[in-house]
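This briefing covers selected packing features of one protein chain. Please read it alongside the sequence and the coordinates.

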Amino acid sequence: MMPIIQYNNNLEDYDPLLNEGGYYFLYGFNNTIIYSIKYIQEKHQQQEQHYQHIFPTCPQFSMIGIHKTLNIQDLQQNGETSKKLNDHKILTNETLKGSIELLKKQLYSSPTTRPFYILSFTIINETEEMVEKSPILFFQVLSKDLDTTIPIDISETKKIETSLITEELKKSFILINVKTIKPCSLNIISNILKDKNNNNNNNNNNNNNNNNNNNNNNNNNNNNNNNNNNNNNNNNNNNNNGNNNNNNSIFYLCENVNDSSTPMIFSINCNNGSLEKKLTNYIKDLKSTNNNNSLEISSTFEILFKITKPIDCLDSISTPILSLELNDNEDNSQNDDIIISTLCLLSKNDSILQCLNIIKQSILQQVNNVNNIKNFKALHFQLPFLPLPITILFKKTNKKKNIPIEVNDTDNYEIRKKCHILLGLPLNRPFFKTNLSLDLNNKLKQQQQQLQQQQQQQQQTNHIKNIHKNISMESKTNGNVYLVEGSYDYYHYQQDNFDDNGWGCAYRSMQTICSWLKYQGLTNGSIPSHYEIQKTLVDIQDKEPSFLKSKQWIGAFEITLCLDHLFGIESKILNVTTGSDIVYKSREIARHFQTNGSPIMIGGGVLAYTLLGIDFNESTGETRYLILDPHYTGATDNIKLIKDKGWCGWKGPDLFRNDAFYNLCMPQMPNDL
């Protein structure tokens, strides 16, 4: 029976992903595809190393298939094709063979661990009038004989929302952050890890020799047996001493970010049964601490070093240590201190020893990636289309006296660009600016934020996502329809157990815009409440302190100030002196949706609306407006009522009063990295 292939819905629905022609590697676990990595020819080895330190270390995640995006012209024979884009038969044998050859090349240097792999395809049909994108077409190829296997169509697939993938991951894994809390010499870390590896290998060799000696002893007399056994015991004792001296060099201080209880310190060679039981229970307790919809850091493992012998050519160590004996060396001029910060996904079914080995592997991966480059800092990002955060190594600015070391976005332009290419992201929208990174350093602040988020989630109601997709998008002006690009949530009166009926429409419109920013990955902050919006305006001295907790209205200008201050998003204000003049702004509004794609807040008269698109005929000037009305007070999930009563729907120019002026807040998207 052919298994059902599940895949992240964003791979198909989020336009930037898998949109550029070429090959991609598909990664996930079991038969669920979670993310893709762009294949860059001739740089594949570098790319694979880059991949290893971008995503959290997790042995259960692996490559499960090859994807190719291609233009329909590449499939046409004699310039014509009669097959539809969603027909598997549109793929030629040459196209299928090309993907199989790349798969074989990828698997050549590594053992095949899956009974089958996935081949998938996206077909782009681009004309002067439109760009049409096919659904993903899936095939299955058996691993046992890739040379003769014929790809089998997979018709039974299931798209999964990112939030649901996150929920599945949370059932099986916990996400931890492994870090040093202060800079530490890269040489020290490398030497400790290297010594540990060599020592483990030597121990294994010694154990093998002991086993061989035991076998030989069985053929000798009892006296020789006794002598050899004694020798073996001595060897084992020596090996154990070696273990104690080297394998215990790295300790971890384990602390649950949701628990203020006393943290534990342990090492990979802790043989204390009670400690292992305590740690096992500790990790099990993490299962119930994170109940929201994102895979957040459940615990931090801070690295502590125990060094019990002199290490040559090391000048200093500044990370916390348990004991230290180093050669005296006061010269710090060549010190290449780094701060380790890496992420691991630990299976809840793995033993403590397996978990600690994964942690060590994660440290090694990051150390290997910065081993030849100094002054790097790891930052973590949560992209809206991925269920788990990623890590990127940025170059820090040169050290200057009395100036804190920072990561400069301009200096790291090329690094950010490479990550965009690797993940198949557009080059005209920033995803990896430092202000978008996750703050994992301040535990108290993190605990407070998580508590606040939990309280907000208890108060919040569900918000409808992309409600306009329930509305007909057919043009009634014989023109073109221009729409918001990307997802958003519908915010309206009386949601989240907060009564703002009669005064909060502009606040709700801003919240809808903020949800759009969050879906596009332009912020990792929470949606601001009415109070937070008011406090922002007071903090920037646009309003008096008495404005706080009031029921005063705000307009497009205030929203512009808030978007800039809270998210660094600039907005354009479009003035309309009277409602009857708004039709003369249709061309400019259409251009906004084409170039920026963001929702527009309309403020004027006594009402505020959110504009999601327009239906515009350039020849006649006739225009309709796709309005999302924040004044709705009914049930949040009653899509039929919202649609039938026009709370989300097309409106004519008569919506706008002739005796009122209007300001349109049009958020502008960055056009660069």
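**A buried glutamate and its surroundings**

Glu558 is buried, with a relative accessible area of 13%, which falls under the 20% cut-off for burial. The model is predicted.

- Glu558 is part of helix α13, which spans residues 556-567.
- Leaving aside neighbours within four places in sequence, Glu558 is in contact with Leu537, Asp542 and Lys543.
- Helix α12 (residues 530-539) packs with α13 at an angle of about 85 degrees, and the two axes are 10 Å apart.
- That angle makes α12 roughly perpendicular to α13, because angles of 65 to 115 degrees are classed that way.
- On the α12 side, the contact is formed by Ile533, Thr536 and Leu537; on the α13 side, it is formed by Glu558, Leu561, Cys562, His565 and Leu566.
- By class, five nonpolar, two polar and one charged residues make up the contact of α12 with α13.

**Helix α14**

- Helix α14 covers residues 586-595, and its buried residues are Ser586, Ile589, Ala590, His592 and Phe593.
- These residues lie on the same side of α14 because they cover an arc of only 155 degrees around the axis.
- An α-helix has 3.6 residues a turn, so residues three or four places apart point the same way.
- Gln594 and Thr595 are exposed, on the face of α14 turned away from its buried side.
- What do the buried residues of α14 pack against? Their partners are the strands β20 (480-483), β21 (571-576), β22 (600-604), β23 (607-616), β24 (623-628) and β26 (662-667).

**Nonpolar cores**

- The largest nonpolar core has 101 residues, and those with the most contacts inside it are Phe61, Ile359, Ile390 and Phe432.
- Helix α8 (residues 352-370) gives the most to this core, contributing eight residues.
- With neighbours within four places in sequence left aside, Ile390 is in contact with Ile54, Phe55, Leu379, His380, Phe381, Leu383, Leu423 and Phe432.
- A second, separate core has 61 residues, including Ile467, Val538, Leu563 and Ile627.
- In soluble globular proteins, nonpolar side chains tend to be buried together.

Technical notes: Residues numbered from 1 in each chain as written. Predicted model: local features only at pLDDT ≥ 70, side-chain atom pairs only at ≥ 80, totals over all residues. Heavy atoms only, no water. Buried < 20%, exposed > 50% of the residue type's maximum accessible area, 1.4 Å probe, protein only. Helix = DSSP H or I, 4+ residues; strand = E, 2+ residues; numbered from the N terminus. Arc of directions from axis to C-beta. Contact = heavy atoms within 4.5 Å. Core = buried A, V, L, I, M, F, W, Y, C linked by side-chain atoms within 4.5 Å. Axes fitted to C-alpha atoms, helices over the stretch in contact; angles between N-to-C directions. Parallel < 35°, antiparallel > 145°, perpendicular 65-115°, else oblique. Nonpolar A, V, L, I, M, F, W, Y, C, P; charged D, E, K, R; others polar.
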